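Colleague: I would like to go through this structure and ask on what grounds each label is given.
Modeller: Go ahead.

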Amino acid sequence: MTDMTLLLPILLPFFAGVLVLLVPRRFRAITEGLALTAVLLQLALTAGLFKKELVFSLPWLGWGLEFSLRLYHFSAFIILAVAGFGFLIALYSTVFMRQRPCLKQFYAYLLLNVSFTSGAVLADNLVVMLFFWEGLLLALFGMIAIASKAAFKTATKAFVIVGITDLCLMLGVALTGSLAGTLEMSRIHLSLDGWGSLGFILLMIGAISKAGAMPFHSWIPDAAVDAPLPFMALVPAALEKLLGIYLLARISLDMFALGADSPVSILLMAVGAVTILFAVMMALIQKDYKRLLSYHAVSQVGYMILGIGTAVPAGIVGGLFHMINHALYKSCLFLTGGAVEKQAGTTELAALGGIGSRMPVTFACFIVSAVAISGVPPLNGFFSKELVYDGALQRGWVFYGAAALGSFFTALSFLKLGHAAFLGKIEEKNKQVKEAPFSMLLPMLGIAFLCILFGVYNHLPLRALIQPIVGPYRLQGHDFAGLPENTLLVVITLIVLAAALASHLWAAKKKGSALKATDHIHYAPVLSGIYAKAEKRFFDPYDIGLKVAGYVAGAVFWCDRAIDWLYDGFTVNLAAALSHRIRRWHTGNYSTYLSWSLIGLIVVTIFLICSR
Amino acid sequence: MYAYLILIPFFSVIILNLPFRTTMKKAAFWACLVLLLAQMCLVVFSAIFPGCSFFDIFKTLFKLDFTADNLSRVLLFSIALILCVTLLVQKSILGDKERIFNFVNMLLIILVGMNGIVMVRDIFSLYVFLEITAVSSFILIGFNQDLDAFEAAFKYIILSVIATALMLSSIAIILLLAGDTSFSAIASTVRLSPHRLLISLAVGIFLCACFIKAGLMPFHGWLPDVYSAAPTSVSVLLAGIATKTVGVYTLIRIVNSVFVLDRSLQHLLLALGAVSMIAGALAALGQRDLKRMLAYSSISQVGYIVLGLGAATPLGLAGAIFHVFNHAVFKSLLFVDSAAVELETGTVQMDKLSGLAKRMPVTGFTSVLASLSCAGIPPLAGFWSKLIIVIALWASGHYAYAMLAVLASLLTLAYLLTMQRKIFFGKLGQDMAEIEEAGPVLMLPALILAVITVGVGLLFPFVSILLKGNLLGG
C-alpha cells in the first residue's frame, strides 16, 4: 500500500524550514511561531502515525532505484521521539536563543535536522537513507558554524570527521547493495562472512560515528563549547544517538544476522567498552559544565553499542532502551546547562557554585537526570544499564567490568558536577541569579518526568516500544519489564554507586573543594601523563589526521619541487650542455666534416654488409 | 606529357639567351612566374582529373622515359611553389633587372634538374639531373659574390662532389651486376643477384651519397654553413625544396622502388633519422644566428622524414611525404620571414633584435604560425604529418623512436619559441623604432605560405582522403 502521508513528516519540517528563512529578520516572533507550529504539527502528525504500518514507493533517479519509505513500529517510534525532542528544544530556544545572531538560520537548520532525520529513519532504500544522511551533514555543519567565527573551525572539524565516516557508509551501502542484489533494506538478509563482514563494518562505522562513538567523537566536546547549546541538546544528545543506534540496530538485527558467535560482535563490544571507559575518564577531569556533559554524550553511546553488540536478548533490549533513556536525560542535562549559562552567564565550574538554592527547579531536573545517568534505581538509566550489564556478563566478564567501572566514574563525575555547580558556597556575583523562565523550564520538567516514568513504570517503554523492535523470535520468550532478573548485578551496582559516593565525599573533604574531587584520579601516577597528552589533543584522530595530511602535503610539495627541478633545471641544463657540446664540434673546419662523412660511410657500409 | 615540364624550361633558357636578349630581360621574370604557376596548375589538374587524355597527342611526338606517380606529383607541386616564392623573395631583395635575369636563368635550369629528378625512372638519368641541380645550386649560393657565400659554395661543391663520386661508383657496381640502369632492372637484380657483398656495398655507398645530399647527421657538415651564408632567397630554395628533392626524394624513391627495405636498412634509417632529429634540434637550440638555427632545424626535420620512411609501412611513407610538403611550406615561410628581417634590419643575429612584431606585424604573425606548424601544434599542417609519423612508428612497434619523435617536438618548440621571444616578442629595441614592414612582394609569398599551412591543417580530413587515395593506394 502506497501512502502519500508518509511524505508529510519529511516535507512538513523541510518546507517550514525554508519558509523560516524567508521571514524578514525584524519579525522574530513570526519566525519562532512558525518554527514552533511546525514542530508541534510534526509531533501531532507522528503521534497520529504511531502504531501504523505504511509503505510508500516511487521510482527515483533511474537505474531501478526506488524512493521507498516504510513506517513500522521501530521507525514510527524514532520519528515520534525526534519530533518530541524537536518540539521541546524549539520551545526552549525561544528564550535561550533570543539575543543570539543568526536566529533564522538556527530555526531553519533545526527544522531541516528534524526533516532529514525523519527521512533517514523512514527510508527503506539504502540510497534514500544515504541521501537524507548526507543532508544531515549539511545541517550539522550549518548549525555549528552559525554560532561564531571560532565555531567555524569546529564545524569544519565535524564536517571532515563525519564526512569521512559517511564515505565509509557510502562504500558500505554500495558493497551491501551489490552483495544482496537489492538496496531495499527490508529485503536484505546477509550472512556475516568475508565480504558480508566488511559491508557490515563499513555500515557500522557510519552508524556508530553518527552516534558519536570513539574514535569519531572528537568534534563533540569542541562543539559543546562553540555551538549554541540547544544544538547540543538536540543533535549530538538526541537526534544523532537515535539515528545512529537506529541504523546499528537495523543492520545488526534485520539486514545482517548478528550472532553471538560472530567476531563482529566482539568488535562491537570492544568499541563499546573502549568508548565507555575512555570518554568517561575524559569527562571526569573536565572543568566546564557543557564540556563535561559532551564527554558523557560520547561515553553513554558505548553502553548502547556494547548492548547491541552482545547479540543476546538482554543486551539488545538494554542497548535500545538505553538509547531512548540517554536521549532523555542527556537532553535534560544539556538544557539545565543552558539554563545555568543563561542565568549565571558562565558554565565554568570554578565560577559557579551554590546556585542550587537560586534555581531550585533547574537543580531538581539536574538531580533527576544526573541520578538517571548514573544508573541509580528506580530511574530509567538504572534499568537499561542493568540489562546491558546482564548481556555483557553473558558474553564475558571483561565487558561487564568495563561497563561497571564506567558506571563508577560516571557517578563520580556527576557528583563532582552537581556538587561544584549547585551546592557549596555561593559566589558573591552569583547571588543575583534567578530561576530560568517558564518556557525553558517546561522542556526540562517534561523530560525529567519521562525519565522518572520510564524508570518507575518501565513496562510502558519496554513492552510498547523496545521489545516489538527486537521481535519475539530474538527475545526467546523473555520479558524484561519490571525489576531486573539478576539480583546479584543489582547488588554490585549499588555497591559501585556507594563506593563512588564515598570516594567523592572523601576526596572533596580532603581537597577542600568539590571541583578538585577527582584530582586524585587526574594526578594519579600513570594517568597524569596520559591526561596531559589527551588535554593537548594528542589522541584526537582529527588532529592526528591533520598532522599526517600535513606530512603528506609536505612530501608531495617536495615531489613537486623535484619534478619542477626536473623540468626547469635538469632538462634545460642538460639540453644546454648538449647543445653547447654539439656546437663546439661544428668548428667550420672542413676536414672534420669530411672525416665525419667518411666515417659514416664506412660504418653504414660495414653495417649493411654484415647485417644482410 | 610530363616531359614538357623538363623540355619547356630547358628551351626557355635557350630562348632567353638568344642574341636579342634585351627584350627578353624584361619578360624573363614574368615568364618564369607563369611557367611555375602553370606547373602547379598542371599538377593539380592532373590530380583532380586523372583520366584526362588531352595531352596524349604529345606523347606520340616525344618518347621519353618520364612518368609521374603521386609521389612525384607532390614534389612537382612543391618545387613550383617554392621556386615561385624564391623568385619573389629575390625580386624584393634585389631590384636590379640584370641580376634578376641571371637569377631567372639559373632558376629555370634548377627547375629542369629537379623536375627531372622526380620523374626519371633510370638511375643514370637520375645522376645526370642531380648534377644539373647541384651545379646550378653552386652558382646560386655564390650569386651575391661575397666571400662567405663563396666559401659556403666551395664547401657544398666538395661534399657534393664526394657524394657524386660515391653515387657513380655505386652505379658502376650496379651496372656491372644488372647490365641495365633502369629502376625495374636494378630492383630485380638487387633481389635476385647472388653477389650479396657487392650489392650491399653498392646500396651502402648510394645511400651515403643520398645522406650527404639530404644533410643527415653525421653527413651534414656543409649544410649549416651553406644555408646561413647563401642569399636568403637561395636559402629558401635550398632548405625548402632543393635538398629535399636531391637528397630526401631520391632516398625515398630508391629505398622504395629499387632497393629492398629490409630490417637492416630499416634500422639504419631509423637510427640515422633519430640522431639527426635530436642532435639537429639540440644544435638549433644553441644558435644565435637565425638562418643558422633554421639550418639545424632543417636537419632535425629531415630526421623526422627519414624516421617515417624507416617505419617501412604505407602510413609511415605517407607521413614522410606529407612532411616533405609541410616542411617545404613552413621552412620556406621561416626563411622568407628571415629575409624580411634581414632586409629591414640588416642583421639576423638574434641577440641584436627584439620586439619586431610591433613594427613588422605580418612577418611576426606568419613566423609564429610557421614555428607552431614546425613544432607540430594542432591544428596546423605540421601537426598532422608529425602525428602520422609518430602513429606509424608506434604501430610498427618502434615505441622508443615514437617517443623520441614526440620528445624532439618539445625541443623544436623550445628553440623556435626562444627565437620568437628574442626576435619578435618583448620590448622593441631603441634602435629599431623606425623599422617598417617589408614590401608587398615579400609579404605576399609569406601570406600565401601561411594560408597553405593553416588551410592544409584545418582541411586535413580532405587532405587525408587525398593521401589515402593517392599515396597509399597508388
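Colleague: Where is Pro218(B) found?
Modeller: This is a predicted model. In it, Pro218(B) sits in the loop between helix H9 (196–214) and helix H10 (222–229) of chain B.

Colleague: What makes the bond between Met217(B) and Pro218(B) a cis peptide bond?
Modeller: Omega is about 0° there, and the bond is cis. The bond from Pro378(B) to Pro379(B) is also a cis peptide bond, with omega near 5°. Pro379(B) has its place in the loop between helix H16 (361–375) and helix H17 (381–395) of chain B.

Colleague: Why is Ala311(A) called buried?
Modeller: A residue counts as buried if 20 or more other C-beta atoms lie within 10 Å of its own. Ala311(A) has 25 other C-beta atoms within 10 Å, so it is buried. This residue is in the loop between H11 and helix H12 (313–344) of chain A, and its phi is positive, about 60°, although it is not a glycine.

Colleague: How do you know that Ala312(B) counts as buried?
Modeller: By the cut-off of 20 or more. Ala312(B) has 20 C-beta neighbours inside 10 Å and therefore counts as buried. Ala312(B) lies in the loop between helix H13 (290–310) and helix H14 (314–345) of chain B. Its phi is near 60°, a positive value in a residue other than glycine.

Colleague: How much of chain A is made up of buried residues?
Modeller: Buried residues are 52% of the 612 residues in chain A. The secondary structure of this chain comes to 22 helices and two strands.

Colleague: Which residues have the most contacts inside the largest nonpolar core?
Modeller: Ile144(A), Leu242(A), Ala403(A) and Cys451(A), in a core of 203 residues. Helix H9 (residues 229–255) of chain A supplies the largest share of this core, 18 residues. Ile144(A) touches, among others, Ala151(A), Ala155(A), Asp226(A) and Phe231(A), leaving out residues up to four places away in sequence. Another core, of 183 residues, lies apart from that one and includes Ile582(A), Val85(B), Tyr156(B) and Val306(B).

Colleague: How many residues does the contact take from chain A and from chain B?
Modeller: The contact takes 21 residues from chain A and 29 residues from chain B. On the side of chain A that touches chain B, helix H21 (541–585) and helix H22 (590–611) of chain A each supply at least two residues. H22(A) gives the most, with 12 residues. By class, that side has 11 nonpolar, eight polar and two charged residues.

Methods. Residues numbered from 1 in each chain as written. Chains lettered and ligands numbered in written order. Predicted model: local features only at pLDDT ≥ 70, side-chain atom pairs only at ≥ 80, totals over all residues. Contact = placed C-beta atoms within 7 Å. Helix = DSSP H or I, 4+ residues; strand = E, 2+ residues; numbered from the N terminus. Nonpolar A, V, L, I, M, F, W, Y, C, P; charged D, E, K, R; others polar. Core = buried A, V, L, I, M, F, W, Y, C linked by C-beta atoms within 7 Å. Buried ≥ 20, exposed ≤ 12 C-beta atoms within 10 Å, placed from the backbone.
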